[in-house]
Amino acid sequence: MNHLKNAKLFCQSCFINNDWQDAQSGKTITVNNPFSGEIIGSVPDLSADEVRQAVAFATLAQKSWSEQTAAHRAKILHRWADLIDDNLDDLARIMTLEQGKPLKESRGEIGYANSFIRFFADEGKRIYGDVIPTTNADLRYLVLKQPVGVCAAITPWNFPAAMITRKVAPALAAGCAMIVKPDSQTPFSALALMALAKQAGMPAGVVQVVTGDAATIGSVLTQDERIHKLSFTGSTTVGKLLMQQCASTVKKLSLELGGNAPFIVFEDANLEQAATGLILSKYRNAGQTCVCANRIYVQNSVKAEFLAILKQKVATLKVGNGLDLDTDIGPLINDKALQKVQSLLTDALQKGATLITGGQTHPASPLSFMPTVIDGITPEMDIAHQEIFGPIAPVFGFDNEDEVIQAANDTEYGLAAYFYTQNLARSWRVCEKLEYGMVAQNTGLLSNEVAPFGGVKQSGFGREGSKYGIDEYVSSKYWCVNVAG
Ligand code: SIN
């Protein structure tokens, strides 16, 4: 990979026990730039035994890491974060090359990723236990918070750095060792982070990255009894499978799965603000986030005006190579993603939707798709029910609040929801009735390190970020002491 200031950040081997390791078989997986289609490099295709060896290293490291003070762990985590800041340009470039997102978004993601490391480094010092008022004069009741043990994370391609640090940072801060399996399409961001962790003085085996076949590695990470906790971000289908596999060893789990976010614009909203928020929510990462607006509900009395404003804003978005500084929308991740977007659009148009803007691939690259808006969506259309994961904004009309709440909740998912209104009483009513783990009002972006990120229903369970995020990596030990005699 050329044009990096620090070429050592481009690593094509796994990071195991603070060493760079290839597969004994010599097998590798190639990684492509989704914009150009060019091969960027390759990573090892590890065997199950090689992954088990990483688990053995983690088990060893876990013991001494958990015996360190939180302050000691925080110092190393902050050093890691400093190095990430120092290498921001290279990390962003690696991310854009392997994932396709615009450089400005990659830079934003590195900052976002680092915010989790800094936040949890300090949060580790605030893991408090309890002294419980006793029910028996001879006894004292205490609760100790202890690290859950060796953890594993399976992370997605859409946020190649932030979804790693959002899991690794709380685990490490709490005193756990962590093994990460990044998506095979975007492993280089993960490995670059490991190069910096090593430079920061992270002890061997505390954090490791293994690459290879998802089913092979997944079956070790879910079934090895030395691993006590699995955190996964990805599809609901895969989440269900991992849950089944984890049952055999009764692992603690957190799952951040699919979404089908409603984005509701009431007639009393500031329409300009709502259209700007929709652009942020819908077209971030070319529509490939779990919290992207997926169904846009606009009150019929203001729909025509809203669509006119939206169309104007969408026209200013530039589709192109993520490496160009003025690009707003990069390519989709792969052919399958493109086919899904095209088939959802074709189905909607065939069933009577109206194309407002976009609607086709963009000449910038075979995987580039124009930011698209379609109106007149009805429940018969596939796009009304499926997570799009692409830059299409399907717009539904509605007449009243009850009707739109019912429609918004009519899904098995419950990750993020958005609504725009200036009315205070309506704000409370709507927020309380939306069956979602996260609700954003009058803004299109809600993610940050201090707030709890996570869903309800089939969007998963567990929270990441915030003071709640570290709970996923500690267990409570109840200590009952007889103090008599
Ligand atoms: C995701 O798409 O899974 C994460 C999005 C975010 O953190 O904002």
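User: Where is the place of Asn 17?

Analyst: Look in the loop between strand 1 (14–16) and strand 2 (19–21). Keep in mind that this is a predicted model.

User: What is the phi of Asn 17?

Analyst: Start with the general idea. Most residues other than glycine have a negative phi. Now the case here. Asn 17 is not a glycine, yet its phi is positive, about 55°.

User: Is Asn 17 buried, partly exposed or exposed?

Analyst: Asn 17 is partly exposed, because its relative accessible area is 26%. The buried class stops under 20%, and the exposed class starts over 50%.

User: Which value is phi of Asn 285 near?

Analyst: Phi of Asn 285 is near 55°, again a positive value in a residue other than glycine. Asn 285 sits in the loop between helix 9 and strand 13 (293–299). Its relative accessible area is 1%, so Asn 285 is buried.

User: Now helix pairs. At what angle do helix 3 and helix 4 pack?

Analyst: To read a pair, take the angle, the axis distance and the handedness in turn. Helix 3 covers residues 88–99 and helix 4 covers residues 103–123. They pack at about 120°, with axes 8 Å apart. The pair is therefore oblique. The crossing of helix 3 and helix 4 is right-handed.

User: Which residues make the contact?

Analyst: Helix 3 brings Leu 88, Asp 89, Leu 91, Ala 92, Arg 93, Met 95 and Thr 96. Helix 4 answers with Leu 103, Ser 106, Arg 107, Glu 109 and Ile 110.

User: How do helix 7 and helix 8 pack, and what is the angle?

Analyst: Helix 7 (residues 214–223) and helix 8 (residues 236–247) pack at about 45°, and their axes are 8 Å apart. That angle makes helix 7 oblique to helix 8. Their crossing is right-handed. On the helix 7 side, find Gly 218, Ser 219, Thr 222 and Gln 223. They meet Leu 242, Gln 245 and Cys 246 of helix 8.

User: At roughly what angle do the axes of helix 9 and helix 10 cross?

Analyst: They cross at roughly 55°. Helix 9 (residues 271–283) and helix 10 (residues 300–314) have axes that come within 9 Å. The two are therefore oblique to each other. Helix 9 passes helix 10 in a right-handed crossing. The contact residues of helix 9 include Leu 271, Ala 275, Leu 278 and Tyr 283. Those of helix 10 include Val 302, Phe 306, Ile 309 and Val 314.

User: Next, cores. Which residues in the largest nonpolar core touch the most other members?

Analyst: Four of them: Ile 264, Phe 306, Ile 383 and Leu 434. That core has 69 residues.

User: Which residues is Ile 383 in contact with, leaving aside its neighbours within four places in sequence?

Analyst: Find Leu 344, Ala 348, Ile 374, Ile 377, Ile 388, Ile 392 and Pro 394. There is also a second, separate core of 64 residues. Its members include Phe 10, Val 148, Ala 192 and Ile 470.

User: Where does Ala 162 lie, in which helix?

Analyst: Ala 162 belongs to helix 5 (residues 162–174). Its relative accessibility is 0%, so Ala 162 counts as buried. Ala 162 and Tyr 112 are 50 residues apart along the chain, and their C-alpha atoms are separated by 6.3 Å. Not counting residues up to four places away in sequence, Ala 162 touches Glu 109, Tyr 112, Ala 113 and Phe 116.

User: Last topic. How many disulfides does the structure hold?

Analyst: The general idea comes first. A disulfide is a covalent bond between the sulfur atoms of two cysteines. This structure holds zero disulfides.

How values were computed
Residues numbered from 1 in each chain as written. Predicted model: local features only at pLDDT ≥ 70, side-chain atom pairs only at ≥ 80, totals over all residues. Heavy atoms only, no water. Core = buried A, V, L, I, M, F, W, Y, C linked by side-chain atoms within 4.5 Å. Buried < 20%, exposed > 50% of the residue type's maximum accessible area, 1.4 Å probe, protein only. Contact = heavy atoms within 4.5 Å. Disulfide = S-S within 2.5 Å. Axes fitted to C-alpha atoms, helices over the stretch in contact; angles between N-to-C directions. Helix = DSSP H or I, 4+ residues; strand = E, 2+ residues; numbered from the N terminus. Parallel < 35°, antiparallel > 145°, perpendicular 65-115°, else oblique. Left-handed = near helix turned anticlockwise from the far one by under 90°.
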